[in-house]
Amino acid sequence: MEVPLGLAPFADQSPRDHALVLAAGALACLVGYVGSAVLFFEFGALDHGGPAAPRQVASVFASLACWGVYAAAFVRGRGGPVTDVLAYPIATVAIVPFTTRWVAFGPAWTTLRDRLGSFLFRPDLLVNAVALVVPGVAFCGCLLTLWASRLDETEVREWQQRTLSAEFREAFVERTDLEE
């Protein structure tokens, strides 16, 4: 079974390079999450039983750090063209803060049971998801826009030729060029 084309890695990349991108994203998320909690509050503010606001603030910084690393990986042609800006960062910010709290403070089984039990109507879950995703997406969009604005058309084509596989270019890049 092949990897879907949208989830394919950049061209000429080893599995080790790909794994390093994932590790760097996870490390950045962890440093952003724990570092901001320690800087603005204290590490104990991340505990399950405390107020949610410190965890949400830490989540914003985790999101910014995570998406920043993946945006840099995108510019360098590491990771994957779709996975760097969407799939990997979303998975990373969903897993790293949760895992960090469980490793540091133990599992919060009652909280997990409550969240799963009334999953369909939980405004606090929406707030948590927004704190984890929106700042990072906006930051990544700004970084990639700034980077792309510094390139002329020739440099964009060279970057595409160097980093994107022929199949990906044919399916996603050249098709949109023909439509213009």
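This is a predicted model: local features need pLDDT of at least 70, side-chain atom pairs count only at pLDDT 80 or more; totals for chains, interfaces and linings use all residues.
R16 has a relative accessibility of 58% and counts as exposed. I then looked up its partner. The side chain of R16 meets that of D17 in a salt bridge, 3.8 Å from N to O. D17 is partly exposed, at 21% relative accessible area.

Next I searched the whole structure for salt bridges. The search returned two. One of them is the R16 and D17 pair. In the other, E153 pairs with R157, and the closest N and O atoms are 3.6 Å apart. I checked where these two residues sit. Both belong to helix α6, residues 153–163, four residues apart, so about one helical turn separates them. E153 is exposed, with 52% relative accessible area. R157 is partly exposed at 33%.

Then I turned to helix packing. I took helix α1, residues 15–40, and helix α2, residues 52–76. Their axes lie 7 Å apart, at an angle of about 150 degrees. Angles over 145 degrees count as roughly antiparallel, so α1 and α2 are roughly antiparallel to each other. I noted the handedness too: α1 crosses α2 in the right-handed sense.

I listed the contact residues last. From α1 they include V21, L22, G25, C29, G32, Y33 and F40. From α2 they include R55, V57, F61, C66, V69 and Y70. What classes of residue make up the contact of α1 with α2? I logged 18 nonpolar, four polar and one charged residues.

Technical notes:
Residues are numbered from 1 along each chain as its sequence is written. Side-chain values use heavy atoms; hydrogens and water are left out. Axes are lines fitted to C-alpha atoms, for helices over the stretch in contact, and angles run from 0 to 180 degrees between N-to-C directions. Helices (H or I, at least four residues) and strands (E, at least two) are DSSP runs, numbered from the N terminus. Angles under 35 degrees count as roughly parallel, over 145 as roughly antiparallel, 65 to 115 as roughly perpendicular and the rest as oblique. A crossing is left-handed if the near helix is turned anticlockwise from the far one by less than a right angle, and right-handed if clockwise. Contact means heavy atoms within 4.5 Å. Ala, Val, Leu, Ile, Met, Phe, Trp, Tyr, Cys and Pro count as nonpolar, Asp, Glu, Lys and Arg as charged, and the others, Gly among them, as polar. A salt bridge is a side-chain nitrogen of Lys or Arg within 4 Å of a carboxyl oxygen of Asp or Glu. Buried means under 20% relative accessible area, exposed over 50%, partly exposed in between (1.4 Å probe, protein chains only).
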